[in-house]
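User: I would like to work through this model by question and answer, taking the fold, the packing and the contact between chains in turn.

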Amino acid sequence: MALPDQAPQTHAPPRHASPWVGRLLIALALALTVLVVLLPFAAVFAQAFSRGWTVYAENLLHPDTLHAIRLTLIAAAIAVPVNTLFGVAAAWAITRFRFPGKRVLQTFIDIPFSISPVVAGVMYLMLYGGQGWAGQWLGQYDIQLMFSVAGVVMVTIFVTSPFVARELIPYMQAQGSEEEEAARVLGASGWQTFWHVTLPNIKWALIYGVILCNARAMGEFGAVAVVSGNIRGETNTLPLHIELLYQDYNATGAFAAASLLALLAVVTLVLKTVAEWRARRAFARGG
Amino acid sequence: MSVSLPLIRPRAKRVLPGFGLTLGTTLLFVALVMLLPLAALLAQASSLDGPAFWAIVTSERALATYRVTLSAALVASLFNCFFGLLLAWVLTRYDFFGRTVLDSVVDMPFALPTAVAGLSLATLFSHNGWIGQWLAPLGIEVAYTWWGIVVAMAFTSAPFVVRSVQPVLEDLEPELEEAAMSLGAGPVNTFLRVIFPLLLPALMAGFALSFARSLGEFGAIIFIAGNIPYETEISALLIMIRLEEYDYAAASAIAVVVLGAALALLLTINLLQARSLRYLQRG
């Protein structure tokens, strides 16, 4: 997390402990991490390429897979900007003003993180499905949101909504609002203050939240599984497509599709580490 | 200890603009995206009368899914406590080649989509998989059993304990340990009596986060669990099955139970985090 006070640091090892204890613990930690965390990652690529590059390329270029990739990109392209706007607005309201009910609001913002994705999907189905309030009303106008791309986008927005707000709130809280107040006193308009003072200050924390939001938006499975209807080549996102291929006993195809998301995970981790480091540096400079 | 003077603050005038715009946007978003669907679920579930609701959520099959989900989540989170404590300790106490890489790689389970994790774990632990082939001769079966659920849950929630314990360990003052050591406590005693009690709130918060995430996990599990009713069927899967049967009432009733458990846990986590935060601020 991008909390500014978590600069990486190590204490000197306890003087009395034998160096062997340290080495043993480090070895154990590394071994467990490789086994638990890295092996599943490596296996994806090993399986995806198990029948050669040509099969891999054929699997990826299959029309259904291409369509799934496109839908995943579309869902993320809508959900991430929406939640970025929401996150910035929520963080501004919560960290720059005092108002009653702030704690309750913060709890509500975090709710999507603690709700099982499947339950989230069911919530949307009960609202916008054929039997739901909104679903019946929209049905009169022949609008069906569930089992369509719109439904996929809506639940993706729900599931990923806290990411940006969650990163920005503690960061902006710690930064305080003196610089912004100074800008205002010196005559800057509200938007000028935001663009020229706030945004440069929170840039890396914001990017950090956006990266996490995007990773989840592209990888979401449970919530999307409920509302997509799993229509091949229509409402199937990449994670859903992986399951479909797996059920078809096309393991190589499933792993080929999975390799794209595994690559996304690597990119996410690298960008996240960079953003975290920059956010900390920016904070140290500013503070 | 720092003493803060009781400064008399002039009642803050709102120098900064945008209160109405940002709070309005936030409230509208929370109402439309979160609260309205939540209300719809509760309304759907309350269309059942009491006894009917009770019959659904306490049916043999539903009870079996709670048992499977809760027990697997418990074991997975206990494993994560051990794993998380070890990693947080190693990351904060020792300087070694690859420490920063290890620190980043710990978050891999959060970055890797759960469907990918499930697919990969199912293959790793199958009879001829990289790990499964070593377990099979020992008579240990993981894939398509209850243990598969544990493995999937442990993987997807692995970083929680590391990330809650790490900041507390970083802030721990070395003087405490040095004092304990100089008073004659051995390293084991120092850890158990001095460090561990201070870590406990953060460890419990991490455990609760990991447990909550495990209860809600779906994507990773359905690949590796056998999904056999009464044996390896988790609650989220039963909801999906009821939906596929168009039994929306039953699906939403079970969803409400899962939701209630999640919200109760959220409350617990908030209390635990407030406690561990209080420790950090006091230190």
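This is a predicted model: local features need pLDDT of at least 70, side-chain atom pairs count only at pLDDT 80 or more; totals for chains, interfaces and linings use all residues.

User: What angle do the axes of α3 and α9 of chain B make where they cross?

Analyst: Two packed helices are described by the angle between their axes and the distance between the axes. In chain B, helix α3 (residues 60-93) and helix α9 (residues 159-171) have axes that come within 8 Å. α3(B) passes α9(B) in a right-handed crossing, and the two helices are therefore oblique to each other. The crossing angle is roughly 40 degrees.

User: Which residues of α9(B) meet α3(B), and how does the contact divide by class?

Analyst: From α3(B) the contact draws on residues including B:G84, B:L85, B:A88 and B:W89. On the facing helix, α9(B), the partners are B:F160, B:V161, B:V162, B:V165, B:Q166, B:L169 and B:E170. Taken by class, the contact of α3(B) with α9(B) has eleven nonpolar, four polar and one charged residues.

User: What percentage of residues 249-272 of chain B is helix?

Analyst: An unreviewed UniProt entry lists residues 249-272 of chain B among its "transmembrane region" spans, which also include residues 110-131. For residues 110-131 of chain B, the end C-alpha atoms lie 22 Å apart and the span is 59% helix. For residues 249-272 of chain B, the end C-alpha atoms lie 35 Å apart, and the helix content is 100%.

User: How far apart do the end C-alpha atoms of residues 66-267 of chain B lie?

Analyst: The unreviewed UniProt entry gives residues 66-267 of chain B as "domain: ABC transmembrane type-1". In the model this span is 76% helix and 0% strand, and the distance between its end C-alpha atoms is 20 Å.

User: Which helix gives the largest share of the side of chain A that touches chain B?

Analyst: The contact takes 80 residues from chain A and 79 residues from chain B. On the chain A side, the residues divide into 56 nonpolar, 19 polar and five charged. The largest share of that side, 17 residues, comes from residues 19-48 of chain A, which form helix α1.

User: Is A:D142, which has a positive phi, buried or exposed?

Analyst: A:D142 has a phi of about 65 degrees although it is not a glycine, and it is found in the loop between α6 (133-139) and α7 (149-160) of chain A. Because A:D142 has 6 other C-beta atoms within 10 Å and 12 or fewer is the cut-off, it counts as exposed.

User: How many C-beta neighbours does B:N227 have inside 10 Å?

Analyst: B:N227 also has a positive phi, of about 60 degrees, without being a glycine. The residue lies in the loop between α12 (219-224) and α13 (235-244) of chain B. A residue would be buried at 20 or more, so B:N227 counts as partly exposed, its number of C-beta neighbours inside 10 Å being 19.

How values were computed
Residues are numbered from 1 along each chain as its sequence is written. Chains are lettered from A and ligands numbered from 1 in the order in which they are written. Axes are lines fitted to C-alpha atoms, for helices over the stretch in contact, and angles run from 0 to 180 degrees between N-to-C directions. Helices (H or I, at least four residues) and strands (E, at least two) are DSSP runs, numbered from the N terminus. Angles under 35 degrees count as roughly parallel, over 145 as roughly antiparallel, 65 to 115 as roughly perpendicular and the rest as oblique. A crossing is left-handed if the near helix is turned anticlockwise from the far one by less than a right angle, and right-handed if clockwise. Two residues are in contact if their C-beta atoms, placed from the backbone, lie within 7 Å. Ala, Val, Leu, Ile, Met, Phe, Trp, Tyr, Cys and Pro count as nonpolar, Asp, Glu, Lys and Arg as charged, and the others, Gly among them, as polar. UniProt positions are given in the numbering used here, feature names are shortened, and annotations may be inferred rather than shown by experiment.
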